[in-house]
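Me: I'd like to go through this one by asking what each label rests on. Can we start once it's on the screen?

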Amino acid sequence: MSESGHSQPGLYERRRRWNRDKELGHQSLSGPGRDRDYVPWDRERDRRDPVDEPVGTVMQKTPIILAKPPAERSKGTPTPTPAPAPAAAPAIEKPIVLMKSREEGKGPAGATEASTQPPAAVAKVEKEGQRPTQPVYQIQNRGMGSTAPSSVMDPVVGQAKLLAPEKMKHSIKLVDDQMNWCDSAIEYLLDQTDVLVVGVLGLQGTGKSMVMSLLSANQPEEDQRTYVFRTQSQEIKERGGNQTSGIDFFITQERIIFLDTQPILSPSILDHLINNDRKLPPEYNLPHTYVEMQSLQIAAFLFTVCHVVIVVQDWFTDLSLYRFLQTAEMVKPSTPSPSHESSGSSGSDEGTEYYPHIVFLQNKAKRENFCPRNLKQMHLVIDKIMMHSHLKYKGTLSMLECNIFPGLPQSYLDSEVNLFLLPFMDSDSDDALPRAAPGSSPLFSLLPGYKGHPSFQSLIAKLRSQIMSMSRPQLSHTILTEKNWFHYAARIWDGVKKSSALSEYSRLLA
């Protein structure tokens, strides 16, 4: 032990601190001084160092390479640019490939090249400024797709839709003799709305089929055996039979539908039912009731699906015919109003029911029927009989406007109805005209005989022009095309056959 007891511990303490500083690597900061309080300073430094060290580490980890200035970035990019250059080349050539795809129907090469292009390249074309040709490519892809059959058939289908149906050469059945609906007429119809429907009603032997043939497709000088609606042959006339049974259909190239019907209240149909022991439907007990109900069904059907209904008679006049028309009007099925005006017409019958134009055609008229005095009396009688009817029997056809009576003013007929007169068709022949007496002057023998009316050919032409120019109101609440009319008529015919009003009327007749 030394003389001073404190010398040894102090030396040991300094040596121990020096060794600790050496281990910590702070030789420059540790000194041999005795009076320095070293331990507390080290704790403060250790406390500060964790705060200072993250700053240093953050500065060392700063993404200097990723955040280069624009100048250095542009200098460094030339090396990767050659890589996208080959990928850009197909994008520029893409419009050429797409132009080839428009001709892919001509050869398989264009379709193969178009199919090998990835969808990403198409997206690049849209971004590369190919917008002016973009709609062309889209239309090409929609209309002329990769499927070859559709691209080949599209023009054929489109051309077929534009072509009109085959021209009809003769009439076909719309309703057969058993009163069943036939679907063969729809093959001749189009999807267009400009259509006129003309029907005909009349007693047996009045010339309904002849008039409808002359209005639709034939001329008076043609052979009657070539008419589109078959007329009575001489044998049928001698037998007292009827030619038309059910409803016959014919449509012209001018899109006008003509419906020829069997005679109403026909005695030949009644005779056929009685003599051939045909079975009657269970709801009808007597043959004459069945014949009358058939006639009412046809008339009610025409009043619903036709724009114009021609009532043909060959003598003036039969009151039972007008009574029949009023009964058919009474049992006609209800139809939606063609007008869209809800105010003003909601309380009237015209606002809720559709009624066609009625034309009274006096066929086989004689010379005295064309007398102005007799003509005025005929108009007055029809107007008095039909005054309570909702059928449009006046205001749509006029013989005075046709210049048939050039000396008569428009105000001659106080109540002009839709009445037209047609003479006998063979009245234009030279043999039918009266000639001058043999002892008269030779000058008069050269002049044509006096007929008292224009020729049959000119009168049928005037009748045709007036019927074709009649208004075409809507048959239902919507505008109907030809095919829609066909389905609408089938629905109406089915409703007429099941009509409760007709059933009740037949029960009253029995």
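Reply: Contact here means heavy atoms within 4.5 Å. Bear in mind that this is a predicted model, where local features need pLDDT of at least 70, side-chain atom pairs count only at pLDDT 80 or more, and totals for chains, interfaces and linings use all residues. Numbering runs from 1 along each chain as its sequence is written, and side-chain values use heavy atoms, with hydrogens and water left out.

Me: Why is asparagine 363 called buried?

Reply: Buried means under 20% relative accessible area, exposed over 50%, and partly exposed in between (1.4 Å probe, protein chains only). Asparagine 363 has 1% relative accessibility, so it counts as buried. This residue is found in strand E6; helices (H or I, at least four residues) and strands (E, at least two) are DSSP runs, numbered from the N terminus.

Me: What makes the pair of threonine 206 and asparagine 363 a polar contact?

Reply: The rule asks for a pair of N or O atoms within 3.5 Å; within protein, one must be able to donate a hydrogen and the other to accept it, and residues adjacent in sequence count only if both atoms are side-chain atoms. Here the backbone oxygen of threonine 206 is 2.8 Å from a polar side-chain atom of asparagine 363.

Me: What about lysine 364: why is it called partly exposed?

Reply: Its relative accessible area is 29%, so lysine 364 is partly exposed. Lysine 364 also lies in strand E6.

Me: What makes the phi of lysine 364 worth a remark?

Reply: Phi is near 60°, a positive value in a residue other than glycine. Most residues other than glycine have a negative phi. Asparagine 403 also has a positive phi, about 65°, and is not a glycine.

Me: Where is asparagine 403, and why is it called exposed?

Reply: Asparagine 403 is found in the loop between helix H14 (372–385) and strand E7 (419–423). With a relative accessible area of 54%, asparagine 403 is therefore exposed.

Me: What kind of peptide bond joins phenylalanine 316 and threonine 317?

Reply: A cis one, with omega about -10°. Most peptide bonds are trans. Threonine 317 is in the loop between strand E5 (308–313) and H13.

Me: How do you know which residues of H18 face inward?

Reply: In H18 (residues 500–509), Leu502, Tyr505 and Ser506 are buried. They cover an arc of only 100° around the axis, so they are on the same side of H18; the arc is that of the directions from the helix axis to the C-beta atoms. Ser500, Arg507 and Leu508, on the other side of H18, are exposed. The buried residues of H18 pack against helix H12 (287–305), helix H13 (319–330) and helix H17 (482–497).

Me: And alanine 490, why is it called partly exposed?

Reply: Alanine 490 has 23% relative accessibility, so it counts as partly exposed. Alanine 490 is found in helix H17.
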